[in-house]
Amino acid sequence: MAEKVYQCTVSAPVNIAVIKYWGKRDVGLNLPTNSSLSVTLSQDDLRTVTTASCSKSFEKDTLWLNGHVEDISTSKRLSVCVEELRSARQGLEKEDDSLDKISQLKLHVVSKNNFPTAAGLASSAAGYAAFTEAVARLYGLPWTPTQLSRIARQGSGSACRSLFGGYVAWEMGELHSGADSVAVQVEPVEHWPEMRVAIMVASAAKKGVSSTSGMQSTVASSTLFQKRVKNIVPERMQAMKQAIRKHDFETFAKLTMTDSNQFHACCLDTFPPIFYLNDTSRAIIRVVENINAAAGKTVAAYTFDAGPNAVVYFLEENSAYVLDTLYAVSRNAQGWEDSERNPTSVKIDDVASE
Ligand code: ADP
Ligand code: DP6
Ligand code: CO
């Protein structure tokens, strides 16, 4: 007789930071050197879909990421998440004898991103949020998004913010244990639902330096980074929260662009330097400046994660103007991935974490 298979499927969204997380103060627990703030995008466009299953017939904890097989036990980040979730399930099984002892079974996890992986579009954020949530639900853990975000953070820092919708802060916390280093919703999506994002793919290729190793080199070598963490980010976090609270797009946009620029300046100040932006990325910075100059006010804001691909924030009321210009650029200039959907226009979203 075939063994029973327990199974659960979830999807998780990408989030794009407007105040960037870059730097770990504790690599083991994945605690950041600074707080960060992001906007969660709609899963209608960019998403990770993950199915977690377990069965007596499975021999090893295994992940299939976009069809490529990976042994979970050889990845510290994946196994930390699995261990915590499995021991929570064990706790439930001890309390309630009627529960099937599925914590003793091996896991098979199948995950697919419908956007470029490891290319600076936050695949680790959506990926670890989905991984954590899929296994937690398979195990029937009655956890809040905050509890899930504490686990997801240990897989990838940015993932803790993908467990919430709308405008989300990851507060760095003070405790050595990391217990207070969690994501919190600053405002729900309904607070400012007019926010839109254009994703412009310059290259879908895997980045040369992963976010994890890039930020560790920055912490080790950049003096500019030390100044950013101590003197700049704390005030910027407050100013960004205030801009969101007041629906002040101009301030939101200026902070977003300057924070992206400073993050990439820290990458350049790393030794050896890290180059995530390319000529195509720099060209889009100029295009956005031109869009704003022609409008006579700031109607669009670029930001780049650890990769060359552009994310442009704008409000629905300026959607036709901003998108038409970006479409024209991607059609007429070299350097953009040739696709019907470049740029992709994305709404922001509520999450979906129940
Ligand atoms: P990105 O800018 O895309 O977040 P990172 O360098 O931060 O790039 O992380 C990329 C890594 O995240 C991948 O190499 C993989 O290990 C992990 N990852 C991406 N997507 C998933 C997923 N769906 N499930 C599990 N892990 C994932
Ligand atoms: C530039 O969360 O991918 O996207 O914690 O090592 O997995 P790890 O790093 P990751 O870093 C994200 C860096 C960033 C900025 C951000 O999302 O805040
Ligand atoms: Co990442």
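**Helix packing and ligand shells**

In this predicted model, helix 1 meets helix 2 through Cys-81, Val-82 and Leu-85 on one side and Phe-131, Thr-132, Val-135 and Ala-136 on the other. By class, this contact has 6 nonpolar, 1 polar and no charged residues.

Q: Why is helix 1 called roughly parallel to helix 2?
A: The two helices pack at an angle of about 25°, with their axes 10 Å apart. Angles under 35 degrees count as roughly parallel. Therefore helix 1 is roughly parallel to helix 2.

Q: What is the handedness of the crossing of helix 1 and helix 2?
A: The crossing is right-handed.

Q: What makes helix 2 stand out in the shell around ligand 1?
A: Helix 2 gives the largest share of that shell, 5 residues. In total, 21 residues lie around ligand 1, and the nearest are Ser-123, Ser-124, Gly-127, Ser-210 and Ser-211. Two elements give two or more residues: strand 9 (106–113) and helix 2 (123–138).

Q: How many residues of each class are in the shell around ligand 1?
A: The shell has 8 nonpolar, 12 polar and 1 charged residues.

Q: Which residues are closest to ligand 2, and how does its shell divide by class?
A: Ala-17, Tyr-21, Ser-156, Gly-157 and Ser-158 are the closest of the 15 residues that surround ligand 2. The shell divides into 5 nonpolar, 8 polar and 2 charged.

Terms used: Residues are numbered from 1 along each chain as its sequence is written. Chains are lettered from A and ligands numbered from 1 in the order in which they are written. This is a predicted model: local features need pLDDT of at least 70, side-chain atom pairs count only at pLDDT 80 or more; totals for chains, interfaces and linings use all residues. A residue is near a molecule or strand if its C-beta atom, placed from the backbone, lies within 6 Å of it. Helices (H or I, at least four residues) and strands (E, at least two) are DSSP runs, numbered from the N terminus. Ala, Val, Leu, Ile, Met, Phe, Trp, Tyr, Cys and Pro count as nonpolar, Asp, Glu, Lys and Arg as charged, and the others, Gly among them, as polar. Axes are lines fitted to C-alpha atoms, for helices over the stretch in contact, and angles run from 0 to 180 degrees between N-to-C directions. Angles under 35 degrees count as roughly parallel, over 145 as roughly antiparallel, 65 to 115 as roughly perpendicular and the rest as oblique. A crossing is left-handed if the near helix is turned anticlockwise from the far one by less than a right angle, and right-handed if clockwise. Two residues are in contact if their C-beta atoms, placed from the backbone, lie within 7 Å.
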